[in-house]
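Hi everyone, and thanks for coming. Please have a look at it, and then we'll start.

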Amino acid sequence: MRIATKRVYDALETADGYRVLVDRVWPRGLTKEHAAVALWAKNVAPSNALRQWFGHAPEKWNEFQRRYRVELAANAQAFDELRAAIKGKDTVTLVYGAKDEQHNQALVLQAILLGT
């Protein structure tokens, strides 16, 4: 399985495969048609408290990853539901609304799903 990440605002491509939105809040100004997501996995997104604490500050990236992994471990049911939903898919693209393409929850989820 190939697992990619990209901004939900970027152009839809056939290579995206099965698109999963991994934000807790629906992306501002985006219609469901434009988002073209097969699944909105808001329950695996970082909690509001963690998201607000992080604020996509690069200096908090390592600690964000650690805290987010703790949250995911405590929310095993939602994470298992995501795994079940993507099982058997050739390509999965985890989409997110953040502007920062180097520091976001989709990258953490991608690493976990790929076993790294």
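This is a predicted model: local features need pLDDT of at least 70, side-chain atom pairs count only at pLDDT 80 or more; totals for chains, interfaces and linings use all residues.

In what order do the four strands of the open sheet come? The order is β1-β4-β2-β3, and the pairing is parallel. At the edges sit β1, residues 2-7, and β3, and each of these pairs on one side only.

Now to the strand β2, residues 18-21. It pairs with β4 in the parallel sense, over four bridges. It also pairs in the parallel sense with β3, residues 39-40, this time over two bridges. For a landmark on that side, find V20, which stands opposite L39 in β3.

So where does our angle come in? Helix α4 lies across β2, β3 and β4, and it runs at about 165 degrees to β2. An angle over 145 degrees counts as roughly antiparallel, so that is the word for α4 against β2, at about 165 degrees.

Let's zoom in on one residue of β2, namely L21. Is L21 buried or exposed? Its relative accessible area is 0%, and buried means under 20%, so L21 is buried. In β4, the residue opposite L21 is V95. Those two are 74 residues apart in sequence, yet their C-alpha atoms are 4.8 Å apart in space. On the β3 side, L21 has W40 as its bridge partner. Setting aside residues up to four places away in sequence, L21 touches a list of residues including V8, W26, P27, V37 and Y96.

Next, the nonpolar cores. The largest one has 24 residues, and V20, L82, L94 and L109 are those with the most contacts inside it. At least two residues of this core come from each of α2 (48-54), α3 (61-74), α4 (76-86), β4 (91-96) and α5 (105-113). Which element gives the most? That is α5, with five residues. Apart from this core lies another, of five residues, with V8, L21, L30 and V95 among them.

Let's follow L109 for a moment.

Two packed helices are described by the angle between their axes and the distance between the axes. For α4 and α5, the angle is about 70 degrees and the axes are 12 Å apart. The range from 65 to 115 degrees counts as roughly perpendicular, so α4 and α5 are roughly perpendicular to each other. From α4, the contact is made by F79, L82, R83 and I86, and from α5 by L109, I112 and L113. Sorted by class, this contact has six nonpolar residues, no polar ones and one charged residue.

Methods
Residues are numbered from 1 along each chain as its sequence is written. Side-chain values use heavy atoms; hydrogens and water are left out. A nonpolar core is a set of buried Ala, Val, Leu, Ile, Met, Phe, Trp, Tyr and Cys residues joined through side-chain atoms within 4.5 Å. Buried means under 20% relative accessible area, exposed over 50%, partly exposed in between (1.4 Å probe, protein chains only). Axes are lines fitted to C-alpha atoms, for helices over the stretch in contact, and angles run from 0 to 180 degrees between N-to-C directions. Angles under 35 degrees count as roughly parallel, over 145 as roughly antiparallel, 65 to 115 as roughly perpendicular and the rest as oblique. Contact means heavy atoms within 4.5 Å. Ala, Val, Leu, Ile, Met, Phe, Trp, Tyr, Cys and Pro count as nonpolar, Asp, Glu, Lys and Arg as charged, and the others, Gly among them, as polar. Two strands pair if DSSP finds at least two bridges between them.
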